[in-house]
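Colleague: I have a model open and would like to go through it with you. Could you take my questions as they come?

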Amino acid sequence: MQRIEGVIRPYAWGSRTVLAAMQGRPVPSNHPEAELWFGAHPADPARLADGSDLLGVISADPESELGGACRAEFGDTLPYLVKVLAADEPLSLQAHPSQEQAQDGFARENAAGIPLDDPERNYRDPFHKPEVVVALSRFEALAGFRDPAATMELLRALAVPELDTYLGLLSGQPDSQGLRALVTTWITLPQPALATLVPAVLDGCVRYLESGAERFRGEAKLALTLGERYPDDAGVLASLLLNRVVLQPGEALYLAAGNLHAYISGAAVEVMANSDNVLRGGLTPKHVDVPELLRVLDFAPRDPSELAPGTSTVGTEVVFGTPAPEFRLSRVRLDGTALKRAASVELDARGPQLLVVTAGTVTVRSAGRSIDIPAGSGLWMAASDPGVVVTAHSPAAEFFRTLVGGH
């Protein structure tokens, strides 16, 4: 077992307080800090105390680090990536491909000779990217298409005459096909048409809020926020078709292939398959490939409850159940005073696993060794390592444990 340090990604939408406060650094930070990566992704592998990185350690001895079962299923690559997210501003509207779509897209772009680092490349690897996110604070997101009946109610409540033509696409076919027709129409509108429609819709949102109506207050406010940041962007219109989801700490969201989504604000732990494939649909200055996005989107309406992974409690662990074979995520909360909950937990050796501490400090003991892990740091346990005992070194401690799914 080895203590590891994550790598901060300084995207513009990040927070100047969340990650700095978690790690006990001066607040505010000098620049926005959006993601803290723990994993062996080539773009930014986690660092070890001796100056090496996790990718290099795994590459040097994959059998010892990953184990035979993991290698047989996923090769010599750690199949998951763990991140701590800190969003002060909305992320792009996006979706991820299925495994089959990723393999096909990767092969097509290779055949076309598009370099892997080309900013207009969609597929940087041949893998899918299911992901689960667990809130550390109030966390707001858009995820999955809302029931068309509720969406028609929202669009009518805005009382925007310019929407009437488009509303007919959905009212005439209030299902996934109607959603497909409406999204395709909006996302392919020429810029002059968007420059007229988006402001009209935002004016409708203002009128709706001024009316004092409550049913879609959150959706209207969010559309105005997005419209201010991305004026005349088709993603502002698309946001009105999606479920607005607000997670409280400990609540989770699972996003399978084809699920259109955008994270809006808050802090969370995110675990995903170790892939970098993203199809963007708006709300971003980055590359947007509309035909490819439409090819991978799943237009089936989803109730927000369908996007919440089931949970089970195993001792002190709360396990978030997902169908992803690449990862299994759980949350553990300990109390150093042993007054409110257990002060320690014993974790078995179950293949390669990562612990990321998000609050307090824990002490990890195994085979005569002891390592203190403060918030904002992590622990790597190789497949060849024995089990460990984790003890709270502070009154309240929290960490997230990621294993290979099914191991």
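Colleague: Where is the place of Pro-28?

Modeller: Pro-28 sits in the loop between helix 1 (18–22) and strand 3 (35–38), where helices (H or I, at least four residues) and strands (E, at least two) are DSSP runs, numbered from the N terminus. Before we go on, this is a predicted model, in which local features need pLDDT of at least 70 and side-chain atom pairs count only at pLDDT 80 or more, while totals for chains, interfaces and linings use all residues. Residues are numbered from 1 along each chain as its sequence is written, and side-chain values use heavy atoms, with hydrogens and water left out.

Colleague: Which peptide bond joins Val-27 and Pro-28, cis or trans?

Modeller: The bond between Val-27 and Pro-28 is cis, with omega at about 0°.

Colleague: OK, stepping back, how many helices and strands does the protein have?

Modeller: There are twelve helices and 22 strands in the protein. Along the principal axes, the C-alpha atoms fill a box of roughly 70 × 55 × 40 Å.

Colleague: What share of the residues is buried?

Modeller: Buried residues make up 54% of the 407, with buried meaning under 20% relative accessible area, exposed over 50%, and partly exposed in between (1.4 Å probe, protein chains only). The accessible surface comes to about 16,200 Å², and 52% of that belongs to carbon and sulfur atoms; these areas come from the Shrake-Rupley method with a 1.4 Å probe, and for residues only the protein chains shown count as cover.

Colleague: What about contacts between residues 24 or more positions apart?

Modeller: Such pairs account for 74% of the contacts with a separation of 6 or more, a contact being heavy atoms within 4.5 Å.

Colleague: Changing topic, what does UniProt list for "active site"?

Modeller: The UniProt record, an unreviewed entry, lists Arg-280, and its annotations may be inferred rather than shown by experiment, with positions given in the numbering used here and feature names shortened. In the model Arg-280 lies in strand 12, and, leaving aside neighbours within four places in sequence, its contacts include Ser-92, Gln-94, Lys-286, His-287 and Asp-289.

Colleague: Which residues does the UniProt domain annotation cover?

Modeller: The annotation "domain: Phosphomannose isomerase type I catalytic", also from an unreviewed entry, covers residues 1–146. That span is 25% helix and 25% strand, and its end C-alpha atoms lie 45 Å apart.

Colleague: Back to backbone angles, what is phi for Leu-283?

Modeller: Leu-283 has a positive phi of about 60° although it is not a glycine, and it lies in the loop between strand 12 (279–282) and helix 12 (290–296). Ala-367, also other than glycine, has a positive phi near 50°, and is found in the loop between strand 18 (361–366) and strand 19 (369–374).

Colleague: Is Leu-283 buried or exposed?

Modeller: Leu-283 counts as buried because its relative accessible area is 1%, whereas Ala-367 counts as exposed because its relative accessibility is 72%.

Colleague: What does Leu-179 contact beyond its sequence neighbours?

Modeller: Leaving aside neighbours within four places in sequence, Leu-179 is in contact with Phe-145, Arg-146, Pro-148, Leu-170, Phe-299 and Pro-301. Leu-179 is found in helix 8 (residues 176–187), and counts as buried because its relative accessibility is 0%.

Colleague: Which residues does Thr-151 touch, under that rule?

Modeller: Not counting residues up to four places away in sequence, Thr-151 touches Arg-146, Leu-170, Leu-240 and Leu-241. Thr-151 is found in helix 6 (residues 148–157), and with a relative accessible area of 0% it is buried.

Colleague: Last one, where does Pro-395 lie?

Modeller: Pro-395 lies in the loop between strand 21 (388–392) and strand 22 (397–403), and counts as exposed because its relative accessibility is 56%. Even so, Pro-395 touches Leu-334, Asp-335, Gly-336 and Thr-337, not counting residues up to four places away in sequence.
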